[in-house]
Amino acid sequence: MAHDDELEAQIDRWRGYVHRRQVISSADVDELEDHLRGQVTDLRATGLDDDEAFLVAIKRLGNLDAVSREYAREHSDRLWKQLALVPDDSSGSPAPRWRELAVVIALAVGAGVAVRAGIAWFGDDELALARNIGLLVVPFLAAYLGWKRRAGLRTVAAIAVPFVALSVVLNVYPFVPEGSTEVLAILHTPVVLWLLVGLAYVAGSWRSDGRRMDFVRFTGELAIYYTLLALGGGVLLGLTAGVLQLVGVDPEPVITGWVMPFAVPGALVVAAWLVEAKQDVVENIAPVLTRIFTPLTIVMLVAVLAALIASGGLVEVDRDLLILMDAILVLVLALLLYSISARDPLAPPALADWLQLVMVGAALAVDAVMLTAMLTRIAEFGTSPNKVAALGLNLLLLVHLGVSAWRTARFLRGHGVFSELERWQTRYLPVYAAWAAVVVIVFPPLFDFA
Amino acid sequence: MRIDKDLVAASATPLVLGILADGDLYGYAILKRVGELSGGRMQWTDGMLYPLLHRLERLGHVSSSWGTSEAGRRRKHYAITPTGRAALAERQAQWSVVADALRQVWESAPRPATVVEGWA
């Protein structure tokens with residue numbers, strides 16, 4: 001009995017030791033432990049005592065570093081948690097950390113200065129500012145990510161060349177005042193810019209599905225952190241403004257003129273840094289968030305669909321409504337991507353996957369209704385830049401959602417694996433950026449800048 | 001005789017798939033079967049089997065389920081899928097070509113292996 005206790009204690013210590021490797025999940029440790037116990041039992045049957053059997057079994061399991069490396073190669077998604085730790089381990093001293101903080105603060109201030117300068121430069125021309133605001137902020141975000149990844153010259157060129165081209169197009173095109181092509185360009189520029197941020201994020205390995213999925217995770221966590229920062233900043237600012245007002249100082253000009261132009265873009269860079277540095281904190285929230293919002297989104301989609309059908313004549317569907325519906329579908333897509341990125345690809349099909357399929361199905365139905373509405377509108381009133389842009393986006397969404405639904409169904413019926421669904425997402429994503437680039441660059445001349 | 005590391009790595013996938021084609025097994029039982037089949041001459045680093053199994057699972061060649069062992073502990077069982085059977089058939093065809101070519105070479109050339117073994 002005492003021997004058994006000793007063995008249990010040894011196995012416990014071994015478990016603790018293996019568990020510290022973040023690439024080996026606790027289910028994997030269970031699996032390895034089962035192996036270890038099987039081996040120990042067999043070795044004891046050949047006459048070894050507990051200690052010897054344990055030592056031999058551990059030895060046969062192999063060098064833990066090498067085994068972890070092998071796990072890491074297979075489960076690179078688990079490394080996501082570790083990414084931030086890697087540079088720390090290699091440097092060992094706290095100095096680079098401070099240097100990173102300094103770089104982040106400098107870039108955040110830089111983004112603020114750029115936006116403030118943009119506001120001063122464009123003055124009252126709000127549309128010109130809207131066209132350029134993304135161009136003013138994104139370089140600082142990309143610079144941080146590029147610096148962090150020690151991006152090579154080719155990556156820098158791959159980002160800088162399209163960036164410059166985009167800046168030129170947006171500022172040289174003779175947009176007709178209050179024309180829709182300008183508004184379309186303003187709406188689609190961020191998508192193209194986000195692709196450039198993605199290029200900075202994945203650095204050289206833009207072909208890698210895994211790195212693209214990391215970028216999807218990054219985007220999701222960035223949105224969460226940014227919201228948290230905005231909430232915190234809003235509360236702080238509101239309280240300060242309240243106090244200042246009570247003592248007779250009007251904080252309004254300072255807040256709109258100086259605090260917001262620095263805080264809003266600066267927070268983006270800081271949020272990116274937080275995502276890079278503290279991935280572990282949010283990682284546990286992501287699956288929970290997607291689980292809460294998937295059923296809620298299904299309810300919303302069904303309600304919307306019912307309202308659309310009940311309202312009758314699709315031709316009279318308001319243009320604003322169509323835009324709003326597009327926003328809803330993009331939101332559904334973001335939720336889908338985020339939940340796929342947060343899911344363990346090896347886990348068997350579960351209720352959450354069924355819910356996801358229902359959500360995608362509902363979104364497909366909404367998309368089909370909208371496409372019908374749009375085609376009817378186009379047949380009735382002819383084409384316009386807005387209609388073609390919306391039609392294109394909806395077709396892209398239709399293909400994306402349709403194939404996602406098909407792959408999810410295949411996975412649920414046991415005919416496919418989850419990673420196929422993942423691959424489909426990561427391979428399809430650049431199509432959106434390509435379409436956005438077409439809307440920004442080709443649409444204005446095509447429709448006479450109207 | 002120690003089997004070369006690269007050769008072990010190359011044969012691991014078809015071996016595991018072939019063993020699973022005979023019936024569902026858990027990790028340790030797969031390794032024991034490898035030992036039996038090779039008369040104990042093929043030694044793997046045990047820990048490496050699991051990342052391999054996980055990779056095969058991700059590729060859809062095997063599926064896994066958690067059960068309990070005789071001692072009542074959690075145990076993960078692996079089963080081959082239709083895709084896995086197709087992959088196995090493909091590998092079998094490849095290996096028989098290799099084996100066939102090697103056999104012909106062995107027949108036409110002297111056998112240095114036995115000499116080396118004699119000295120060792």
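At what angle do helix α9 (residues 153–172) of chain A and α10(A) pack, and how far apart are their axes?

**Entry 1: the helix pair.** I began with this pair, keeping in mind that the model is predicted. I found that α9(A) and α10(A) pack at an angle of about 170°, with their axes 9 Å apart. Since angles over 145 degrees count as roughly antiparallel, I noted the two helices as roughly antiparallel to each other. I then listed who makes the contact: from α9(A) come T155(A), A158(A), I159(A), P162(A), F163(A), L166(A) and L170(A), and from α10(A) come A185(A), T189(A), V192(A), L196(A), L199(A) and A200(A). Sorted by class, this contact has eleven nonpolar and two polar residues, and no charged ones.

**Entry 2: the largest core.** I next looked up the largest nonpolar core, which has 86 residues, and asked which of them touch the most other members. These turned out to be L141(A), Y144(A), L196(A), V197(A), V269(A), A272(A) and A363(A). Helix α10 (residues 180–202) of chain A gives the most to this core, with 13 residues. Because domain 2 (95–282) and domain 3 (284–416) of chain A both give residues to this core, I recorded it as lying between them. For L141(A) I also wrote down its contacts, leaving out residues up to four places away in sequence: V197(A), L268(A), V269(A) and A272(A). Apart from this core lies another, of 32 residues, and I noted that its members include V23(A) of chain A as well as L31(B), L53(B) and A87(B) of chain B.

**Entry 3: where the chains meet.** I turned to the contact between the chains, which takes 22 residues from chain A and 20 residues from chain B. On the side of chain A that touches chain B, α2 (26–45), α3 (50–61) and α4 (64–74) each supply at least two residues, and the largest share, eight residues, comes from α2(A). By class, I noted seven nonpolar, seven polar and eight charged residues on that side of chain A.

**Entry 4: one glutamate.** Is E70(A) buried or exposed? I located E70(A) in helix α4 of chain A, and it counts as buried because it has 21 C-beta neighbours inside 10 Å, where 20 or more are needed. Leaving aside its neighbours within four places in sequence, I found E70(A) in contact with M48(B) and P51(B) of chain B. I also checked E70(A) against V23(A), 47 residues apart along the chain, and the C-alpha atoms of the two are separated by 9.4 Å.

How values were computed
Residues numbered from 1 in each chain as written. Chains lettered and ligands numbered in written order. Predicted model: local features only at pLDDT ≥ 70, side-chain atom pairs only at ≥ 80, totals over all residues. Core = buried A, V, L, I, M, F, W, Y, C linked by C-beta atoms within 7 Å. Buried ≥ 20, exposed ≤ 12 C-beta atoms within 10 Å, placed from the backbone. Helix = DSSP H or I, 4+ residues; strand = E, 2+ residues; numbered from the N terminus. Domains from an automatic or database assignment. Contact = placed C-beta atoms within 7 Å. Axes fitted to C-alpha atoms, helices over the stretch in contact; angles between N-to-C directions. Parallel < 35°, antiparallel > 145°, perpendicular 65-115°, else oblique. Nonpolar A, V, L, I, M, F, W, Y, C, P; charged D, E, K, R; others polar.
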